[in-house]
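Here is a friendly note to read alongside the model. Please keep the picture open while you go through the points.

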Amino acid sequence: SQKEKVASITIIERYKIAGCASGKAGGFLAYDWCDGQEVEALARKSFTLHKELGEKYGDKYLYRPTIAYSVNSKYSNNPSSTK
């Protein structure tokens, strides 16, 4: 049998530490966030790859699936906002 290669991954953000997506979303990914956009296929592939790596490497990869809901409202609790 062929022995699997082991890789070490380091992410470096050019802007500042946790200043881009990894800091703003806390590592949160959604399968369909980019539907209808030019990056739809890339986003779906990224989501699938994260899932596969999480299943393969377990706790070392810290992949934790969850259910999330997105709610939009045209109403505001801010009295200074215009309606």
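The points below go from the whole chain to single residues.

1. **What you are looking at.** This is a predicted model, in which local features need pLDDT of at least 70, side-chain atom pairs count only at pLDDT 80 or more, and totals for chains, interfaces and linings use all residues. Residues are numbered from 1 along each chain as its sequence is written, and side-chain values use heavy atoms, with hydrogens and water left out.

2. **The chain overall.** You will find two helices and zero strands; helices (H or I, at least four residues) and strands (E, at least two) are DSSP runs, numbered from the N terminus. Of the 83 residues in the chain, 5% are buried. Here buried means under 20% relative accessible area, exposed means over 50%, and partly exposed is in between (1.4 Å probe, protein chains only). The chain's accessible surface is about 8500 Å², and carbon and sulfur atoms account for 55% of that. Such areas come from the Shrake-Rupley method with a 1.4 Å probe; for residues, only the protein chains shown count as cover.

3. **A length check on H2.** How far apart are the end C-alpha atoms of H2? They are 26 Å apart, which agrees with the 26 Å that its 18 residues should span at 1.5 Å a residue. The expected span is 1.5 Å times one less than the number of residues. Just after H2, look for Gly58, which has a positive phi of about 60 degrees.

4. **The aromatic pair.** Searching the whole structure gives one aromatic pair. Rings of Phe, Tyr and Trp (its six-membered ring) pair if their centres lie within 6.5 Å; planes under 30 degrees apart are stacked, over 60 edge-to-face and the rest tilted. This pair links distant parts of the chain, with Tyr31 in the loop between helix H1 (21–24) and helix H2 (40–57), and Phe47 in helix H2. The two residues are 16 apart along the chain, yet 5.7 Å separates their C-alpha atoms.

5. **Around the pair.** Tyr31 counts as partly exposed because its relative accessibility is 36%. Leaving out residues up to four places away in sequence, Phe47 touches Leu29, Ala30, Tyr31 and Tyr63, where contact means heavy atoms within 4.5 Å.

6. **Asp35.** This residue also sits in the loop between H1 and H2. Asp35 is partly exposed because its relative accessible area is 33%. Its contacts, not counting residues up to four places away in sequence, are Glu40 and Arg44.
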